[in-house]
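Please keep the sequence and the 3D view side by side as you read.

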Amino acid sequence: MSPNPPGPHQADRGGLSLLSLRFEVIDDRPDWPVVRILVDGRDPFAAIAPGWRGFDPAKILGPGSPLLPADQGRRVAVYCCSCGEPGCGVIAPVIFPSPDGRRVSWVDFRDYTGVFVDPAEGSLEDEDDGRPWDLPDLHFSREQYVAEINRVSRDRSWETDRRRTARLLHERLEPLKLVLPPGLGLAWVSPAWSEAGVALMFQRVTGVPQPAVDQQMLRLASTLSDPGQAAEDMAQRLLSTSPGDWVDSFG
């Protein structure tokens, strides 16, 4: 595929592109939007990987956003397979700052299978093992690039009441380091997939060198509509029950 022609104002910026980030709901799942990437107003991946999608805002935005340039550069998955599973395939460039700190570049776009779990969480043994994507390098003004990531990170409009409830419940419980017998720790909290309420995943990873995962999911619900009140209501229900009875009560 030939490189995209410059956008209407790209030449005025000395060949630097303009990054824009947007929230997008896919498959009528408002609780699980993704971040769509636009470069000079267009999705640079739409033609070469139709239907592929960005990552959940909670995974790719925020103060520790993997899109932010690391001093030594790093490979980051910015899009994943249309099924939504990064293990099936990703578009993963190396993101790095220029030596003078004025630019951020995306180069060497590659596809990896069975490697990435989250945008910056991958078991890369050899970066050259990935299949190259036929995509041109992209270069951005660091000032504009970082400002756009920070702007979208501050925008919580994507967070539905169900997502907010799950986040607040996790923030309430995570510092307590809860343990579900026998030795399963709280891993994540999210809206229940096809039911009311939220799901809590407790798990334990064991085994070397081949890890095994023991998991138990609990589900909590509340009649309260306010996310903060609902999260506290569910936390109190869980904490007022003996951990040994959690599976019987909420499993």
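A nonpolar core is a set of buried Ala, Val, Leu, Ile, Met, Phe, Trp, Tyr and Cys residues that are joined through side-chain atoms within 4.5 Å. In this structure, which is a predicted model, the largest nonpolar core has 36 residues, and those with the most contacts inside it are I91 and W106. Several elements each supply at least two residues of this core, namely the strands β1 (19-24), β2 (34-39), β4 (79-80), β5 (90-97), β6 (103-111) and β10 (138-141), together with the helix α2 (142-154). Among these contributors, β5 gives the most to the core, with 4 residues.

Apart from the core described so far lies another one, of 20 residues, which includes A166, L184, M234 and W246.

We can now turn to a sheet. Here 4 strands form an open sheet in the order β11-β12-β13-β14, and their pairing is antiparallel. The edge strands, each of which pairs on one side only, are β11 (179-180) and β14 (212-220). Within the sheet, strand β12 (residues 184-191) is joined by 6 bridges to strand β13 (residues 198-206), and these two run antiparallel; L186, for instance, stands opposite F202 in β13. Helix α3 (residues 161-173) packs on this sheet, where the helix touches β12, β13 and β14, and the direction of α3 makes about 160° with that of β12.

Notes: Residues numbered from 1 in each chain as written. Predicted model: local features only at pLDDT ≥ 70, side-chain atom pairs only at ≥ 80, totals over all residues. Heavy atoms only, no water. Pairing = 2+ DSSP bridges. Contact = heavy atoms within 4.5 Å. Axes fitted to C-alpha atoms, helices over the stretch in contact; angles between N-to-C directions. Buried < 20%, exposed > 50% of the residue type's maximum accessible area, 1.4 Å probe, protein only.
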